[in-house]
Protein chains: 4
Amino acid sequence: MAEFDLVVAGGEVITASDRARCDVGVKDGRITALAEGLTGAARTIDAAGLWVLPGGVDSHVHIAQPSGPGITMADDFASATAAAACGGNTTVMPFALQERGHGLRETVEAYHAKAKGNCRIDVSFHLIISDATPAVLGQELPALVKAGYTSFKVFMTYDDLVLDDRSLLEVMDVARRERALVMVHAEGYDSLKFMTERLEAEGKTAPYWHGPSRPDVIEREATHRAVSHAQLVGTPLMVVHVSSRAAMEQIQWAKAQGLPVFAETCPQYLTLTADDLRGLEMDMTGAKYVCSPPPRTTDDQAAIWAGIEQGVFTTFSSDHAPFRYDDVEGKLNPKARTSFRWVPNGLPGIETRLPIFFSEGVSKGRISPEQFVALTATNHARMYGLYPKKGTIAVGADADLTLWDPHRRETIRQEILHHGADYTPWEGFAVTGWPVVTIARGEVVAEAGRLTGTPGHGTHLARGVSSALRAGA
Amino acid sequence: MAEFDLVVAGGEVITASDRARCDVGVKDGRITALAEGLTGAARTIDAAGLWVLPGGVDSHVHIAQPSGPGITMADDFASATAAAACGGNTTVMPFALQERGHGLRETVEAYHAKAKGNCRIDVSFHLIISDATPAVLGQELPALVKAGYTSFKVFMTYDDLVLDDRSLLEVMDVARRERALVMVHAEGYDSLKFMTERLEAEGKTAPYWHGPSRPDVIEREATHRAVSHAQLVGTPLMVVHVSSRAAMEQIQWAKAQGLPVFAETCPQYLTLTADDLRGLEMDMTGAKYVCSPPPRTTDDQAAIWAGIEQGVFTTFSSDHAPFRYDDVEGKLNPKARTSFRWVPNGLPGIETRLPIFFSEGVSKGRISPEQFVALTATNHARMYGLYPKKGTIAVGADADLTLWDPHRRETIRQEILHHGADYTPWEGFAVTGWPVVTIARGEVVAEAGRLTGTPGHGTHLARGVSSALRAGA
Amino acid sequence: MAEFDLVVAGGEVITASDRARCDVGVKDGRITALAEGLTGAARTIDAAGLWVLPGGVDSHVHIAQPSGPGITMADDFASATAAAACGGNTTVMPFALQERGHGLRETVEAYHAKAKGNCRIDVSFHLIISDATPAVLGQELPALVKAGYTSFKVFMTYDDLVLDDRSLLEVMDVARRERALVMVHAEGYDSLKFMTERLEAEGKTAPYWHGPSRPDVIEREATHRAVSHAQLVGTPLMVVHVSSRAAMEQIQWAKAQGLPVFAETCPQYLTLTADDLRGLEMDMTGAKYVCSPPPRTTDDQAAIWAGIEQGVFTTFSSDHAPFRYDDVEGKLNPKARTSFRWVPNGLPGIETRLPIFFSEGVSKGRISPEQFVALTATNHARMYGLYPKKGTIAVGADADLTLWDPHRRETIRQEILHHGADYTPWEGFAVTGWPVVTIARGEVVAEAGRLTGTPGHGTHLARGVSSALRAGA
Amino acid sequence: MAEFDLVVAGGEVITASDRARCDVGVKDGRITALAEGLTGAARTIDAAGLWVLPGGVDSHVHIAQPSGPGITMADDFASATAAAACGGNTTVMPFALQERGHGLRETVEAYHAKAKGNCRIDVSFHLIISDATPAVLGQELPALVKAGYTSFKVFMTYDDLVLDDRSLLEVMDVARRERALVMVHAEGYDSLKFMTERLEAEGKTAPYWHGPSRPDVIEREATHRAVSHAQLVGTPLMVVHVSSRAAMEQIQWAKAQGLPVFAETCPQYLTLTADDLRGLEMDMTGAKYVCSPPPRTTDDQAAIWAGIEQGVFTTFSSDHAPFRYDDVEGKLNPKARTSFRWVPNGLPGIETRLPIFFSEGVSKGRISPEQFVALTATNHARMYGLYPKKGTIAVGADADLTLWDPHRRETIRQEILHHGADYTPWEGFAVTGWPVVTIARGEVVAEAGRLTGTPGHGTHLARGVSSALRAGA
């Protein structure tokens, strides 16, 4: 056997289905051996007492996106990938967001320009289609799918992004023909506009009212509608950031019908509730928790947990969408104080996703370590065409590893985080289990909360076909 | 006891819950006695061997409506009410259809002008809202509800009628405030447009393809959406002409959640299938069966029957929408030959609803006579604010009676019918059970298939609040 | 028209489907006219301002039954029918309970002997089969069904009554062949014995533990089992006293499969909870609320109400099973103090069923007056073969009427009741709506809380076939 | 790195979650390396073009069991393990069946005596409890669980095996306390006895009537009952050989409630139907297909497939229960000709399980190779406490490997099989995919359909706690 660049020795290696005490041998950025007693390494990391997990794949993050007039997300590619690496991730999947009136190809190039040379870990773009013109549907999308952008997201709400039903159907039809995966943000535009105006007319404008403006029935309806459209067209569907029991039951129902419908959920739907948006006293401090869909009830949390345990959810992502407190709270964005409608929507979560889910899920005995790996890494790679290069620990895969201390107790605080936001919604949240070393393609990129890699290490990944589109996969 | 203008003697009187052998005494158009051995009548009709039912109330008929360029429905108020009377009905509820750019009040007046002096039995208009302008929502609708037009229908499809989601919500919101009942035609416009164009592009233009252009998933999605909107607004909903198992399951699900959602179905969904649209050989003769939603499968028929038996459906209507064969087949309407899209949508059914349902339901033992009465008369009156004046046989109610021969065998043929259409989709359909005398407000208006009343006998009925809007009703 | 023995004038006459302001004319114990302005009566009762309802039919009462060693129920036929009459009922259906080792015919005769000459209102016996011998199955049951005992009840628990699965199947098979209706007490014997012994072993013997000894899963399992047996045999089933959401969902599921499964519930499952069995401080005073199935949670109450509103339940009965406090509490029955297992099971309710249900249902707007009539009278008569003689107000029916004051406020107290029990579980329960006159076959048997009839007025009713066994009925 | 006894080189290594092209290094019967380019092996097997799967674990086989008077199963441990090895298995789990009147410890010893020295691959016994005496429940079971017999099976039918509900509860309670897993054969004894006698009375005695004697409702009821008992006691449950949509829906329902209920199915429920029992013309040749539960309909097959795809089933086993044709057909067992009741119940399947499932599942694109591995090996090991030693390919695990040719076409015929039965129900069944080499603890035990190992190679495995009993596992 050839020598190794790196050996991770003596850890408990965990995949989506297995655990084994063994060494991991790395050569040229790939895993070349899983074995007992590996020797001959340039560098050896002692993983005794630690778990060796596939590096996290976060398939739902927003980086360097504009978000309304004058506001850009608080993370660029450098800070986002730094935070991700420190949080135990080795791949993130941000969006290239088409602004109306712009082409898709130029959109992609613009995002590549922002990313180029700045990423510490690997990235791969999903597309967001906001303008389904004939050129987009007929030329640009097919060409981009062939070039490895094999997933795109559509929105059923937001003034600047919403697609009408006809456009949804057309985009899905392209996905069917080109073998790409459609992701959908399922909230109904007209319904929540209706509710928003009703609340505003009643003077209910504090951040708290963000929640009541988009009750679960609005998410449920849009979910049913998206599922129906995908069924009509005959293409798989990934419903992202499912937040409520009602929406989840639509997913379950679809699966029971044999439809290829998949779902994602996020930490905010397991740990936050509508009450967090009250802030101190129905004041602007609630703006820190404004995201869409909104956090709901403890009953919804219980339902989402049950769905995770029973396999309703395929992926667990962050939906990282970081803002600065001055923006959400309105200091730099005075409109936000006039109505919840203008508070930027989104939470920072790229760095805290894994510890929160591990602690609440594995440490509390709700899910197994293998389920954790599947939900945070392997299934992302499979769903989005990165497998087997990414998402697992196997001979031949990229050497993307996170060394995890399952017993370490930590308290989440803004001061220990590396993201661009200037607050975390989980300030003071205590967890058991923490990533201690992150290795991306054989290089240690983060260790003990410190960055050790370089911005240029990460590259963009062209992707293959989603497992959702391959029979028996 | 005072004398009677009319006594119907010796029949089996059947209501939605009871049956009793007794005489019915009528004075001044009202029922004043149900008793044994009534005497002292100006006229006595011997009903021995017959069933005495409340006159049919058909809450879903289209009369004298325009339907696309140059085509008007084949029935005016004279012929429609004549046919209805001969078919055992004493009240019909047509629509006053708002054309875009026109006000509601002028619409109502125009329909009243068409009806005035021409009706043989009583009529009462629902409104169709196709243009939900601020004036309609803010002034006209509230005023018309107060004037007794307590129900309105909205369409989720058809180029000239479709309301977008925001308008649906606004109309429902007016209904909630004004205590009116919203009826919905639940098929999704964009989805079926998408399917239609796809089929046309494949050269699939014969009437048969009308069915595949609007599969059950499109009805199911729109049903779920309408239910969700009504739930969001907080108002009851009547889903008309439910045709498929899939849509019906949405209704059942809504009811199980405790939502005030009601449903109607029609003879075509119990007796016709998609195959009827094939015609002789995928030719234009299939156009006779083009209606929306389209007839589906025998499995759907079984599901709808089960729903009827188990109480999922509140009303059984005709959705009478009569055309001339030359129009549907394309002789006078050449566009119909270019695509199913241009075939006028609708079937004549005002005269055959009761015999078909009685024969398939009561004579075949699927439902009881009492259920028949509830589904064809009483529940219509309750749902649309005509009860207790209409829809039952009780002291004080209008003397609207149908004498029914439960054993009479008849074959439905165009030549015995009185409607304005020049064909019936049920040509040759054999039934057991037939209406032999129809009495409207104490007057015999039809007898043995002959009209005996006069066009001026029927009046328009202002209506009260739907039972769906009254607690515990 | 002949004259009348009695006219009830000016009330609001309510049936299962209708209401009408009219007079009711009675001759020879039967209703012969419903009309305006009836004259010529020997006696006229002014019902202005009152509702005229069909007299209550209580199809589930226990009278003069033994219940364990040395204890007999607190009501004989005289007191039970007196209480029933004062509570607005005109027919009750007690059980003739076969004791093991005894024949059915002798059982029936013994109960007739107890009843004869003592009943103030009509009665009709169901049979309880506790010993399904070949003679019972082969000769006695068929003969008794032919003689008008067209329903029998089987128990899945209780030491002295439980039938094993084979016997349940055999009894159901006789019911199928002879066209009788099977009623089932659905709780699993072995399971609750197991739980009882476990609790006793833990020293949990107070009346409160009666509830935990038979959790809803035990009722649910037995319900599913009974439904399955009936499905296998091919015969309808009436599941009596359904108490829990879990059991009710089995009924709903069975109905959705198209199975002829029916259900009954009772006041205790709408108004009492497991906490009532705590008594003052887990003491013997909780014994007043011991019945089976036990009162459950407020969530179960809500589910049962939803089931009532949505038509899951066909009948609402009392399951009257009265004891003296000294018996349940253990003064005269010391064993009761050693374990909840020995506390006699049952509550008195024959006199309070109608006011409680009217008040909680009609007065609070959950159900309509028509639903109240259906659930408390008409459906009982239909299900048990007494219709159309009993259960409605129609020409030709027995003149069984209850004059009801819908606005009268009353507080239930033992001192105003006529039953044989010396307490009521609803002591202090405030209601709106109260029966003021009860008329049985044309005779006033109770008025303003006073008995006015005589013990001999009531007779035993032979019954016809259940509507559950007639197609389309 | 140390040298290897064996290297399997160049195959596609597949686990329950992953696939990787790599070599497998084996030392002392264990896997010590998964790597590229392993050298230094005593023996190298070239697996190029083959898949390397974990050896099959068949957790439901009957070996050397008596089955009614005078009949013993057609396989002893030698032939059963030989057939299993040739069929690609490396571990089988037979039953030690307690006969009534015998102790459990003596039962176990008797089966060990039959197995000792005769097994070619590893075995581990489940217990069958047919006599739940206090000694069994109180002493023997707890001791045996501690000794590694951590699962036991109970029967709800069969004259000699059936446990009543109380015994089921008591056995489950021991399982809960001792942390063992209960497996249940869910068919209702009384119900099928009732049906059997009814059919026999009608002269319906041919093997075909075996199916109608135990319709799906009987399996469904018993499944619901077993689930309820396990829920009451608070212990996990494995429902074995689920055959029908109806029973499967009970499992799904239980899972949706969050209950730890698991399910197994078998090849016969995917490939055979009730019609196979017709034989040539309702003759004894149908006896070859008599097993319990019986093969059902193609709709049930579709439901079971959907359940497999959606994760309802945890394990896929053979339920191997081999007989000689003379026994089932009645030549040596004349009673079998008098009624289906006496035909021995069971099919041989130990050798054909994997090829049938691979071909119908993986080759036809219904499931992925990873799902195949999970359902045929990994999940068995997890559920029954053999993991991580068995059921996967990981460093440290036993070197149990099956080299599989995914493209090889083969036709199942009795003449190529090694089991003790003298027929196979799948005679002539064509498959794609076939095991070509079986390696047990590092030794090649079968190759190209020939046995290469020795009877003594297999040992008995004491087991740990089921994953069903470990939180988050």
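B:Asp275 is partly exposed, with 45% relative accessible area, where partly exposed covers the range between buried, under 20%, and exposed, over 50% (1.4 Å probe, protein chains only). Its side chain meets that of B:Arg278 in a salt bridge with N and O 3.1 Å apart, a salt bridge being a side-chain nitrogen of Lys or Arg within 4 Å of a carboxyl oxygen of Asp or Glu. B:Arg278, at 34% relative accessibility, is likewise counted as partly exposed.

The model is predicted, so local features need pLDDT of at least 70 and side-chain atom pairs count only at pLDDT 80 or more, whereas totals for chains, interfaces and linings use all residues. Residues are numbered from 1 along each chain as its sequence is written, chains are lettered from A and ligands numbered from 1 in the order in which they are written, and side-chain values use heavy atoms, with hydrogens and water left out.

**Salt bridges**

Over all chains, a search of the whole structure finds 132 salt bridges.

| Pair | Closest N to O distance |
|---|---|
| B:Glu197 and A:Arg166 | 2.6 Å |
| A:Asp173 and B:Arg198 | 2.8 Å |

A:Arg341 is partly exposed at 29% relative accessibility, and A:Glu200 is partly exposed at 24%. Elsewhere in chain A, a network of salt bridges links A:Asp122, A:Lys389, A:Lys390, A:Asp398, A:Asp400 and A:Arg441.

**Where chain B meets chain A**

The contact between these chains takes 28 residues from chain B and 28 residues from chain A, contact meaning heavy atoms within 4.5 Å. About 2400 Å² is buried between them, of which carbon and sulfur atoms give 56%; buried area is the accessible area (1.4 Å probe) that two parts lose on being put together, summed over both. Of the area that chain B buries against chain A, 27% is supplied by B:Arg166, B:Phe194 and B:Leu232, more than any other three residues.

Four salt bridges are counted between chain B and chain A. In the case of B:Glu197 and A:Arg166, the pair crosses from helix H5 of chain B to helix H4 (residues 165-178) of chain A, and B:Glu197 is partly exposed at 32% relative accessibility.

On the side of chain B that touches chain A, the elements giving two or more residues are helix H4 (165-178), helix H5 (189-201), helix H6 (216-233) and helix H7 (245-256) of chain B. The largest share, 11 residues, comes from H6(B).

**A buried loop residue**

A:Ile350 lies in the loop between helix H10 (325-329) and helix H11 (353-363) of chain A, and this residue is buried, with a relative accessible area of 0%. Leaving aside neighbours within four places in sequence, A:Ile350 is in contact with several residues, including A:Asp58, A:Val61, A:Ala80, A:Ser318 and A:His320. The C-alpha atoms of A:Ile350 and A:Ala321, which stand 29 residues apart along the chain, are separated by 8.6 Å.

Key. Helices (H or I, at least four residues) and strands (E, at least two) are DSSP runs, numbered from the N terminus.
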